[in-house]
Structures are given as C-alpha cells and as structure tokens.
Number of protein chains: 2
Amino acid sequence: MNTLNKHLETVRINLADRSYDILIGENLLGQSGTFGQLPQAAAALIVTNTTISPLYEATLRQALSGHYKQIHSVHLPDGEAHKDWVTLNLIFDTLLGRACDRKTVLFALGGGVVGDMAGFAAASFMRGVPFVQVPTTLLAQVDSSVGGKTAINHPMGKNMIGAFYQPQRVVCDLGVLKTLPARELSAGLAEIIKYGPIADMAFFDWIDANMDALKACDTQAMAHAVKRSCEIKAFVVGQDERESGLRAILNFGHTFGHAIEAGLGFGQWLHGEAVGCGMVMAANLSADMGLIDLAFVKRLTDLIERAGLPIKGPVLNAQDNAGQYLAHMLHDKKSVAGDIQFVLMDGLGKARVSAAPEAMVRAVIDRCCA
Amino acid sequence: MNTLNKHLETVRINLADRSYDILIGENLLGQSGTFGQLPQAAAALIVTNTTISPLYEATLRQALSGHYKQIHSVHLPDGEAHKDWVTLNLIFDTLLGRACDRKTVLFALGGGVVGDMAGFAAASFMRGVPFVQVPTTLLAQVDSSVGGKTAINHPMGKNMIGAFYQPQRVVCDLGVLKTLPARELSAGLAEIIKYGPIADMAFFDWIDANMDALKACDTQAMAHAVKRSCEIKAFVVGQDERESGLRAILNFGHTFGHAIEAGLGFGQWLHGEAVGCGMVMAANLSADMGLIDLAFVKRLTDLIERAGLPIKGPVLNAQDNAGQYLAHMLHDKKSVAGDIQFVLMDGLGKARVSAAPEAMVRAVIDRCCA
C-alpha cells in the first residue's frame with residue numbers, strides 16, 4: 001500500500017462539467033488514494049470478468065474499502081462474444097438485487113469489453129450513475145477506456161447500441177501490463193502506433209526508436225507511450241465529444257479492421273490486430289489517392305510488423321474477397337447514406353475522413369490480403 | 001391537409017444546444033409543415049404499436065413523405081407489460097435490418113410506453129440518433145413526451161434502465177384526444193392537475209373552473225391545459241434537466257403512485273390513476289406535516305374525483321398494508337441510501353422533496369386506502 005508511486009502522470013480530459021483525469025502509474029490499483037474525491041456513495045459495484053477477477057479484484061476491493069460501506073461485484077463471462085444484452089442484464093440484475101441507488105459508483109475492472117459494458121450500464125442504470133474505468137489491458141488504457149464511448153454489440157453489428165457517457169476517472173496501472181499475454185500487448189501497441197500517423201509524427205519516431213522497450217513492457221517507456229496516447233486522444237475528444245467531425249480520425253485503420261473482425265467472426269482476431277492490419281490498408285489507400293508517399297507506407301508497415309501484428313488481411317471470400325470486405329464496411333455505423341467513410345492520412349501526422357473510389361479500394365484489398 | 005390550423009401554440013424547451021419546440025394544435029399529425037426543418041436524413045422510422053398503427057400511421061406517413069426517401073415502421077406490442085429489452089430490440093432489429101444509418105430520424109407515435117421506448121432506442125442506436133415525439137394520449141402530451149426522460153422497465157423496477165435524451169420536437173395533436181377512452185383521458189388529467197399544487201395555483205383554479213370542458217375534450221380548454229402544463233414542465237426541466245434537484249417536484253404523487261402500480265402489478269391501474277390517488281396521499285402527508293391545511297387537501301381530493309380518478313388506494317396486503325406500500329416505495333429509484341424521498345406540498349403552489357417520519361407515512365396510508 002505504501003509502495004512508492006513511480007512515474008505518476010496525469011492527463012486531463014477537458015469536457016466542461018464532464019471533465020476528468022486519467023491517472024497513469026505503477027501500483028495504482030491497490031492504493032486507497034487512487035480512488036479519493038470521487039462522488040460520495042454508500043455502495044460500489046465492481047464489474048469485472050471471470051478471468052480478471054482472480055487476478056485483481058481483491059486488490060481493488062482493499063483499495064476501495066475505505067471509501068464505500070458496501071462493495072458488491074459481478075463477474076461477467078469473458079470475451080467479445082458476450083458483449084450483449086444478456087450479459088449487460090447481469091449488471092442490472094446485480095444492481096437491483098443489491099438494492100443499489102442512483103448514487104452507486106461502478107468500477108469497470110478489465111479490458112475493453114468490460115469497460116464498454118460497465119460504461120453503458122452506468123449510462124443507463126436509473127438514467128445514469130457515476131463510473132470509473134480501471135483498464136487492465138494496454139488497448140483499453142490507451143484507447144477504449146478514454147473518451148466516453150460505451151456500447152454493446154447487436155447480432156447485426158458491433159457497438160451498435162450504446163451511449164456517449166464519460167467516466168469520473170480512468171486509472172491506468174502500468175503494473176498490470178506486465179502479466180499481459182504477448183498477443184494482447186501487441187494489440188495494444190496497434191492503437192498506440194495509430195496516434196502517430198494521424199496526429200504526431202514526433203511520437204511516431206519515438207515509438208519507432210523504442211519499440212523493443214515497449215515490447216519488453218519497460219515501465220518508463222510504457223508510461224510515456226500511455227501518457228502521450230491519452231494526451232492525443234484527450235485533445236481530439238475535447239474538440240469533438242460526440243464524433244460529429246474530428247473525432248472520427250481516431251478510427252484510422254478501423255474501417256478495414258471492422259471488416260476483418262466481422263468477416264472472420266468477432267473474437268477470431270483481437271481488435272488491435274485487425275486495426276494494425278487495417279492501418280496498413282488505410283495507408284495504402286492514402287498513398288494510392290496521392291495523399292502520402294509509399295516510403296511512409298513501408299515504414300508504417302514495418303513498425304506494425306515489429307509490434308508483433310499481422311500486416312496481411314485474411315481472405316474472407318475466395319470468389320470476391322474485395323466485395324466481401326466492401327459489404328462489411330458498408331454495414332459499419334460510420335457509413336452515411338450508403339457511402340463508406342474512410343479515415344485517410346492527409347500528409348504525415350494528419351488525417352481526414354472521406355469516401356474513396358470503389359475500384360481503388362478493391363485494388364488495395366486485393367494487394368493487402370494474403 | 002389544408003385544414004385551418006386552429007389554436008396553434010408553441011412552447012419552447014430551453015436546454016442550450018438541446019432546445020426544442022412543443023407544437024400544440026388540431027390536425028398537426030397530417031400536415032407536412034409540422035415536420036419541416038428537422039435534421040436531414042434519407043430515412044425515417046415510425047415506432048408505434050399495434051393499437052395506434054391502424055388509427056394514425058397512414059396519416060403520419062403521408063405527412064412525412066415529402067421529407068424522407070424511405071419511411072420504415074415497427075409495430076410494438078401494446079402495453080406497459082412489453083416495455084422491456086425484448087420489445088426494445090424489435091426497434092434495433094428493424095433499424096439494422098433496414099440498413100438505417102446514424103442520421104435516421106425516429107418518430108414515436110403513441111402513448112407514454114411507445115415514447116419511452118422509442119426515445120431510449122434513439123438515445124442508444126449508434127450512440128444516438130434524432131427523434132420526434134408524436135404523443136397520442138393526453139398523459140404523454142402533458143408529461144411523458146416532454147423533458148427527455150426515456151426508459152424501459154426491469155423485472156425488479158419500473159423505468160430502471162434508460163437515458164436523459166431530448167427529442168428534436170414534440171407534436172401534440174389535440175384531435176387525437178377526441179377518440180381517447182374516458183379512462184385514459186382521466187389519467188391524463190391527473191398529470192395536468194399535478195402542475196397546480198406544485199407550481200401554479202392560478203392554473204389550479206382554472207382547472208377547477210374548467211373541469212367539465214376538459215372532460216368533454218373541448219378544444220379551446222384542452223389547448224390551454226396542454227400549453228400551460230408544458231410551460232410549467234419546460235420551466236422546471238430547463239432549470240434541472242437531469243433531476244439533480246428541482247425536477248423531482250414533478251414526481252408529486254408518484255412515490256405513492258409507484259407503490260400502487262408495483263403492488264397491483266404494472267398495468268392494472270393506469271399510471272395517471274395511480275398518480276391521482278398518490279397525490280391525495282401526498283397532500284394528506286403534507287397536511288399531517290403541517291405544510292398545508294386540510295381544506296386544500298379536500299379541494300384537491302374533490303377535483304381528482306371529478307376528473308374521474310380513484311381517490312382511495314388499493315389494499316395491497318391485508319396483514320400490513322402500510323408495510324407493503326413502504327417496501328415498494330423504498331425500492332423506488334428516488335430512494336437514496338435507504339431513505340424514501342417524498343414530494344410534499346410546501347404551502348400552496350410550492351413543493352419540496354424530503355423524507356418523512358415512518359409513523360406518519362403509515363397513518364396516511366391507513367387513512368387513504370379502502
């Protein structure tokens with residue numbers, strides 16, 4: 001409990017009365033002070049899953065014990081396949097079964113799936129209760145837990161039902177990253193890499209120079225990567241909370257990535273893996289449209305490969321692979337009136353959202369799939 | 001289509017970038033102009049139920065036909081018993097099955113249940129699409145369609161899962177009230193009467209003097225009653241959109257009313273009937289606490305009776321009726337840390353929220369149940 005709080009960084013998300021801090025450091029999860037000055041309540045509910053609970057729930061409970069009279073918990077089944085109504089209702093059943101009131105604070109302890117569901121439950125329970133994100137994967141720390149997007153999936157599409165609902169705080173404990181499987185660490189690195197091409201080439205250079213330290217989960221390197229990623233996301237979300245414009249650039253690589261996830265069935269590739277490969281495709285499309293040169297496409301592709309991520313897309317359909325990708329992308333919720341919206345690089349360190357000629361998109365898919 | 005637009009009134013809800021108008025008049029439903037200047041979209045979805053669809057859907061479709069290329073509809077089963085996940089999902093299934101995008105505008109055509117579900121669907125679909133309330137009951141016109149409360153029920157409690165989400169417009173067509181069953185008209189009158197004791201005694205006097213005209217659904221009288229009710233609601237919601245304080249006074253009669261609805265099983269009494277009887281109880285409690293005199297309690301009780309509403313609560317439990325009421329009220333989502341919050345009259349035309357001594361509450365329940 002008294003462990004020295006090394007590398008503590010704070011990033012502020014500025015959203016008027018919905019502003020909040022992201023705390024970044026080692027051993028935050030087990031410290032009572034991490035959870036001070038949150039809205040007062042008699043009860044807290046820890047929302048976690050069956051994989052994470054044995055690892056960290058006891059530590060979090062201990063840290064929360066000085067703040068709440070009652071600490072309840074609910075253990076969701078693990079995995080994207082369970083990000084649905086049935087699982088969401090487990091959270092409501094627990095809240096109502098334990099007679100929780102509209103002051104109850106929810107703590108999302110887990111990766112992106114737990115965070116998305118706990119966040120949507122918090123947005124909806126009694127029309128809104130406070131919640132805190134305690135992300136336990138790198139991907140959730142640098143992306144999904146920050147910015148207030150919450151959702152569940154529908155059989156006809158990912159993240160189709162949800163809310164923009166901001167947490168009271170995000171707690172990024174770098175210690176938990178050390179026990180992540182290598183595949184999940186790589187998936188998180190994809191979202192870190194993303195921030196370079198769309199917003200900050202100096203950060204891209206830094207990632208390039210420090211990839212080995214990041215893959216080894218070096219604390220100092222990871223602290224910087226998480227902080228800078230959160231800063232860029234904070235800046236973008238602060239400009240456009242509800243994704244009416246700028247915020248869409250954070251979806252670089254995601255349009256192609258969603259097609260991969262949907263085409264293979266969600267959960268086959270990790271989200272970060274699909275985004276990594278999707279960035280290769282989006283960069284190729286940007287080059288074909290004359291927005292960047294091929295030298296950068298190669299540099300980005302190499303970095304994604306060094307992060308341990310796939311750089312070739314799967315073949316979803318042997319007859320008409322590009323057509324299959326297009327069908328999935330058309331179904332993405334960013335499509336408007338039948339036009340697929342791509343996030344394209346617009347020079348180095350800059351992005352924009354636009355449609356693209358279908359023939360060009362088909363050529364990119366054909367070139368980038370193995 | 002060219003019918004003269006008699007008695008057209010507009011009430012503005014001021015909520016910064018979420019502001020909108022309530023239109024009140026005859027024959028609004030069938031006029032194209034009623035639906036002009038809404039957010040542009042290729043498609044609209046009419047959310048209605050199996051009872052209302054045969055009466056008004058064709059008329060609304062006709063009025064919308066100049067504004068949207070595609071007009072889809074979904075027919076929900078009628079009744080409070082269906083205000084749940086399963087029915088809500090019918091809306092999402094239709095939206096996704098018809099390839100609707102995040103610009104699609106939802107039209108809630110029906111009473112409070114349809115409005116609550118269509119509103120929550122609009123709040124959640126792709127994290128928020130625009131919606132318009134077209135309330136077809138008096139209760140929905142003067143209360144539930146205005147102010148942005150949306151929700152579904154959970155087996156353990158009413159309106160437990162939802163969102164604060166404002167419509168783009170509310171269209172109160174007074175013509176549809178003429179075909180309402182008498183029992184539903186009376187239920188709506190309960191919510192109109194409510195605005196007097198908590199906010200406007202001159203309006204209370206006016207209702208008292210015009211009860212016969214209101215029960216006969218006289219257009220001029222009804223136009224004034226709907227307008228003044230919406231104005232008061234607009235003022236209160238404008239001060240406190242998310243019910244952190246003042247807005248709770250709109251729940252006058254609702255704490256006892258919810259106990260009646262929950263105790264009998266939702267749908268046995270209409271919501272307005274339970275609220276009418278609940279106001280009698282809340283007024284009695286206010287008098288017992290020395291906040292108003294008994295003469296007003298009698299005047300309010302008489303008016304509620306003249307509106308065609310029950311003034312005696314049902315016996316929910318022969319052994320311990322008051323205990324049964326208390327158990328249901330404790331479960332209400334306005335309870336905080338185990339304290340039941342009552343909306344009490346605080347002098348005439350004023351209300352406040354406070355706890356009350358249990359013995360006094362029990363005495364009121366014993367006195368007010370038959």
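Where is Ser19(A) found, and between which strands?

Modeller: First, some conventions. This is a predicted model, in which local features need pLDDT of at least 70 and side-chain atom pairs count only at pLDDT 80 or more, while totals for chains, interfaces and linings use all residues. Residues are numbered from 1 along each chain as its sequence is written, chains are lettered from A and ligands numbered from 1 in the order in which they are written, and side-chain values use heavy atoms, with hydrogens and water left out.

Ser19(A) is found in the loop between strand 1 (9-13) and strand 2 (20-25) of chain A. Strands (E, at least two residues) and helices (H or I, at least four) are DSSP runs, numbered from the N terminus. The side chain of Ser19(A) reaches the backbone nitrogen of Leu15(A) at 2.8 Å. A polar atom of that side chain also lies 2.7 Å from the backbone oxygen of Ala16(A). Leaving out residues up to four places away in sequence, Ser19(A) touches Arg12(A), Ile13(A) and Asn14(A); contact means heavy atoms within 4.5 Å.

Elsewhere in chain A, Leu344(A) sits in strand 10 (residues 342-345). Leu344(A) counts as buried because its relative accessibility is 0%; buried means under 20% relative accessible area, exposed over 50%, and partly exposed in between (1.4 Å probe, protein chains only). Beyond its neighbours within four places in sequence, Leu344(A) is in contact with residues including Ala282(A), Leu285(A), Met289(A) and Lys350(A).

Next come the charged pairs. Side chains of opposite charge can pair when their charged atoms come close. A salt bridge here is a side-chain nitrogen of Lys or Arg within 4 Å of a carboxyl oxygen of Asp or Glu, and a search of the whole structure finds 48 of them over all chains. One of these joins Glu243(A) and Lys149(A), at 2.5 Å from N to O. Glu243(A) lies in the loop between helix 7 (219-239) and helix 8 (254-264) of chain A, and Lys149(A) in strand 7 (residues 149-154), so the pair ties together parts that are 94 residues apart in sequence. Both Glu243(A) and Lys149(A) are buried.

Another salt bridge joins Lys158(A) and Glu261(A), at 2.9 Å from N to O. This pair links distant parts of the chain, with Lys158(A) in strand 8 (residues 157-164) of chain A and Glu261(A) in helix 8, 103 residues apart. Lys158(A) counts as buried at 8% relative accessibility, and Glu261(A) is buried at 4%.

Asp288(A) and Arg367(A) also form a salt bridge, their closest N and O atoms being 3.0 Å apart. Asp288(A) lies in helix 9 (residues 271-288) of chain A and Arg367(A) in helix 12 (residues 358-368), so this pair ties together parts that are 79 residues apart in sequence. Asp288(A) is partly exposed, with a relative accessible area of 29%, and Arg367(A) is partly exposed as well, at 37%.

That leaves the meeting of the two chains. The contact takes 36 residues from chain B and 36 residues from chain A. The size of an interface is often given as the accessible area lost when the parts come together. Here the area buried between chain B and chain A is about 3200 Å², of which carbon and sulfur atoms give 59%; buried area is the accessible area (1.4 Å probe) that two parts lose on being put together, summed over both.

Across this interface the rule finds 2 salt bridges. Glu243(B) forms a salt bridge with Arg102(A), with the closest N and O atoms 3.4 Å apart. Helix 2 (85-97), helix 3 (112-124), strand 7 (149-154) and strand 8 (157-164) of chain B each supply at least two residues of the side of chain B that touches chain A. The largest share of that side, 7 residues, comes from helix 2 of chain B.

As for how the copies are related, a rotation of 180 degrees with 0.0 Å of shift along its axis superposes chain B on chain A (RMSD 0.0 Å). That is the relation of a two-fold axis. In chain B, the C-alpha nearest the axis is that of Trp85(B), 3.9 Å from it. Copies are superposed by least squares on the C-alpha atoms of residues with pLDDT of at least 70 in both. Because 100% of the interface residues of chain B are also interface residues in chain A, the copies meet through the same surface.

Definitions and conventions. Polar contact = N/O pair within 3.5 Å; in protein donor to acceptor, adjacent residues only side chain to side chain.
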